[in-house]
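User: Could you walk me through this structure with a few questions?

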Amino acid sequence: MDSLKDNLERVRASINQVALSSNRDPKSILLLGVTKTVDVDVVESAIELGVEEVGENKPQELARKYDIIKDRVKWHQIGSLQTNKVKYIIDKVELIHSLDRVRLADEINLRADRIDRDIKCLVQVNMSGEESKHGLRPSDVEDFVRYCSSNCPRIRIVGMMTMAAADADEKGVRACFRGLRDLSQSIDRLGLDNVKMKELSMGMSGDYKIAIEEGSTIVRVGTSIFGKRDYSK
């Protein structure tokens, strides 16, 4: 508990410092605790320490933890989402970060309509061009967003998400995040129904400081809070 508290205090202080040095309000940046493979009791401890929103990669893990913790915290689906897994989280999530294809949009819209609920989503964009990463190519984003606006009335697109290349230097990371910000602004200017680019989900433990400098509103931090974990689980 003490190390978790220390880690949280350190990350929060860092976010505040970078935000202020970038002439930004620290309150405009959400610290999203990434709880993939983190035990429920540790998640509950983080909640006691003031963590209000957490992100999960796997829908089944999100659903399992939600059944125990309920809405004491807001839940984000941040990992790639298969269409057949939407049913596990559609009634639980605050925000889906990984909207990246038409079939997924159609399924989210269908499932959301069945429970009479609008679902906030971020469009995931593969800014780095890595084949190993999910997400739309930047050149495909406008057509996709137009499709969602016209055909998926239950989806509220509220921003975009990306990940920088793992081996990128600072210049490359910064270019990735800046590119997403510019793309988001260009989409916002289209004035499409149910599309309002308020959020930029970018930056993780290794690069969230650069992300904040480039306009991130949601930083997804796991290792710097919860320590190194076994991601093979």
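Here are some questions and answers on helix packing and a pocket.

Analyst: This is a predicted model, where local features need pLDDT of at least 70, side-chain atom pairs count only at pLDDT 80 or more, and totals for chains, interfaces and linings use all residues. Residues are numbered from 1 along each chain as its sequence is written, and side-chain values use heavy atoms, with hydrogens and water left out.

User: Are α2 and α3 parallel, perpendicular or oblique to each other?

Analyst: Helices are DSSP runs (H or I, at least four residues), and strands are too (E, at least two), numbered from the N terminus. Helix α2 covers residues 40–48 and helix α3 residues 59–69; they pack at about 60° with axes 11 Å apart. Axes are lines fitted to C-alpha atoms, for helices over the stretch in contact, and angles run from 0 to 180 degrees between N-to-C directions. Angles under 35 degrees count as roughly parallel, over 145 as roughly antiparallel, 65 to 115 as roughly perpendicular and the rest as oblique, so α2 and α3 are oblique.

User: Which residues of α3 make the contact with α2?

Analyst: Contact means heavy atoms within 4.5 Å. From α2 come V40, V43, E44 and I47, and they meet α3 at R64, K65, I68 and I69.

User: Which element gives the largest share of the lining of the second largest pocket?

Analyst: Two elements, α1 (2–21) and β1 (30–34), each give two or more residues to this lining. The largest share, three residues, comes from α1.
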